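Thanks, I will keep this short.

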Amino acid sequence: SHTIIQKMRENGTFIYTVSEALTKLQKYGYQKVYCQPTHITGGEEYNKFCASVKPFQAVFSVCKIGTPLLYQTADFPALLSALEDTMQVSTETAYLWMGHGTSHTANMAYLAFDYWLKQSGYKNAFVATVEGYPTLETILEQLKKEYYQRIILLPLMLVAGDHVQNDMVGENESSWKQILKQEGYEVIAYLRGLGEYPTVQQLYVQHVHQIISE
């Protein structure tokens, strides 16, 4: 993220952009380069990532780009399996995953993951987004059809950053936590980004192995 890179540089920590890192690798004489993004979906940021790598594909003998966490059909059951220990089938407790969301067509990945949850028996697990669809309001309509007493909030984001700290569990009345509490639910929040799960880390490693073996 160029925004994060800029903020870190302002705070005294130098982080390479994709282009700068690839230029450095070229200078060092590397010939085979594998670029694995840590994006969740293949939206605008992933497209920017690919655009930054593309000019260098004529420079290295091998220069391949991996795919985001949720990109191919097999990625959805793989992520569900990686997160299965965080959920239990229940009629009293619902699990609500917060995704970032986007106006890009890649937003469909959140709907697809919600579908996989339901098809795998987790009727009490839902996915909503901050900046896309479905919204919290959409999911609230579904929650009210059942008799859940408590909602467990979990980030469907790589890190538990600004959206999680403010939009999910902030003290402001518009945060998901406060809205759900106002609806009468007991709310529990797990502030653990996907990047903290060893099982999810392994999925990214598998994506790297995939482009190396192709």
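A crossing is called left-handed if the near helix is turned anticlockwise from the far one by less than a right angle, and right-handed if clockwise. Helices here are DSSP runs of H or I with at least four residues, numbered from the N terminus.

This is a predicted model, so local features need pLDDT of at least 70 and side-chain atom pairs count only at pLDDT 80 or more, while totals for chains, interfaces and linings use all residues. Residues are numbered from 1 along each chain as its sequence is written, and side-chain values use heavy atoms, with hydrogens and water left out.

Helices first. H2 covers residues 18-28 and H3 covers residues 44-53. Their axes, lines fitted to C-alpha atoms over the stretch in contact, come within 9 Å and cross at roughly 30 degrees. Angles under 35 degrees count as roughly parallel, so that is the label for H2 and H3. The crossing of H2 past H3 is right-handed. In contact, meaning heavy atoms within 4.5 Å, are Val18, Ser19 and Leu22 of H2 with Phe49, Ser52 and Val53 of H3.

Now the cysteines. Which cysteine sulfur is closest to that of Cys35? The sulfur of Cys63, 4.5 Å away, which is too far for a bond. A disulfide needs two cysteine sulfur atoms within 2.5 Å, and the count by that rule is zero. Cys63, likewise, is in no disulfide.

Buried or exposed, then, for Cys35? Buried, at 9% relative accessibility, where buried means under 20% relative accessible area, exposed over 50% and partly exposed in between, with a 1.4 Å probe and protein chains only. Cys63 also counts as buried, at 9%.

Methods: Axes are lines fitted to C-alpha atoms, for helices over the stretch in contact, and angles run from 0 to 180 degrees between N-to-C directions. Helices (H or I, at least four residues) and strands (E, at least two) are DSSP runs, numbered from the N terminus. Angles under 35 degrees count as roughly parallel, over 145 as roughly antiparallel, 65 to 115 as roughly perpendicular and the rest as oblique.
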